[in-house]
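Subject: Structure for your files

Hello,

Here is the structure you will need to have open while reading. My notes follow below it.

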Amino acid sequence: MPMTRRKSIALIGGGIVLAATAAAGVRVMRKPQTATDPWETAGTGDDPRLTALSYAILAPSAHNLQPWLAKLEDDGSLTILQNQDLRLPQVDPLGRQHFIGMGCFIELLSMAFAEQGLNSEIQLFPDAETSPDNPVATVTLTDGATADPLFAHVLDRRTNRAAYDMALEVPPDAILGIEGSAEGAQTVHEPELLDLLRELTLEAMLTEANTEAPALETIENMRIGARQIDASPDGIALRGPAIEAMAASGLLSQESLSKLSGTAHEASLKTYRDAFPATPAYLWFATGQNERADQIAAGRAWVRMHLAATAYGLSVQPVSQSLEEYEEMTPYRERVHELLAPGGARIQMLGRLGFGPETPPSPRWPVEAKLI
Ligand SMILES: Cc1cc2nc3c(=O)[nH]c(=O)nc-3n(C[C@H](O)[C@H](O)[C@H](O)COP(=O)(O)O)c2cc1C
């Protein structure tokens, strides 16, 4: 169901937007021109490794920073590296989410090879993780792979930050499908636990949005309006007529959002207050240890869970704040572990699950930008 214009305006704060629209003129109709092209061109490439990479770059990553790099080796193998500069020191001080994103990328890569009949033998950290320049993985290919049914949903997977329909429960077969998509995949649908999680995830989100260092880091990584999105097809894209109108009138900018007591900031908090309580279920994934290999394994599992949800027409939004390691999140992190994983496992990913409105694909740098 496409989001109506009226609804999207309400989402970012009512009256201000209507006042801004008149001033904005034609700019409000602007859409990103090139930023989402990689979703259209996926599957092309004259080398099976480039074809696989064209899908892998559609993986989710924290703040959509796309920290992956790839090197095509002369012997037909592939080396995967990370861009150390694309970390988020404030919200992700230990680089945990950074490596979960790398895991999501590796899983899509391996699925895209399997789609071409190729098995990927993946060796993690072949030279140990002693330097950020060391490879994250090497991928050696052999024939005879079987395709993965979840691959069919790679192009339809979206992070959906809207309110979900509270009248529509997540059907039992979808729960089974998500829990069966990766070993250790979990969902939450008990009413009391859901109430606690809705409150906890929203409180953690509001705390993060009102804590200067992480809030400013997130705002820095926002791309506001079609121009910024096309110029740098990464980060969190704010788009649509209401955004263009507010940006054109100067009400919405990195600067206005950075005033943590200002109107633009308040409007952004309203989007969380509207969306987070409208969450009919959650999905999550934990690991026994919390080493780099565990984080990569969590990313591999997570993207499978998200694809399984997509297969049932369900929407997903990771809500990572309560899992984060900076000081202000400590009480939330302890509480979410008490609720979901009292046995000592590390929750790596937690997400909202339900039926949401249609949402467009997010921006991506093309494969060529990620080759070394
Ligand atoms: C480790 C990790 C943490 C994430 N945390 C959040 C989050 O807290 N809130 C959110 O809205 N999206 C979160 N995301 C989703 C990314 O923002 C999203 O994948 C990215 O913007 C690309 O969009 P896409 O998933 O629609 O392709 C997270 C993704 C990953 C891999």
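Lys71 stands opposite Thr79 in strand 2.

The model is predicted: local features need pLDDT of at least 70, side-chain atom pairs count only at pLDDT 80 or more, and totals for chains, interfaces and linings use all residues. Residues are numbered from 1 along each chain as its sequence is written.

An open sheet of 4 strands is ordered 1-2-4-3, with antiparallel pairing. Strand 1 (68-72) and strand 3 (118-124) are at the edges with a single partner strand each, so one side of each has no neighbour in the sheet.

Elsewhere, strand 9 (residues 315-318) runs antiparallel to strand 10 (residues 346-354), and 4 bridges join them. Gln317 is opposite Arg352 of strand 10. Strand 9 is covered on both faces: Ser315 and Gln317 on one side, and Val316 and Pro318 on the other, are all buried. Buried means that 20 or more other C-beta atoms lie within 10 Å of the residue's own, with 12 or fewer counting as exposed and anything in between as partly exposed; C-beta atoms are placed from the backbone.

For the whole protein, there are 14 helices and 10 strands. Buried residues make up 45% of the 372 residues. The C-alpha atoms fill a box of roughly 60 × 45 × 40 Å along the principal axes.

Regards

Definitions and conventions. Helix = DSSP H or I, 4+ residues; strand = E, 2+ residues; numbered from the N terminus. Pairing = 2+ DSSP bridges.
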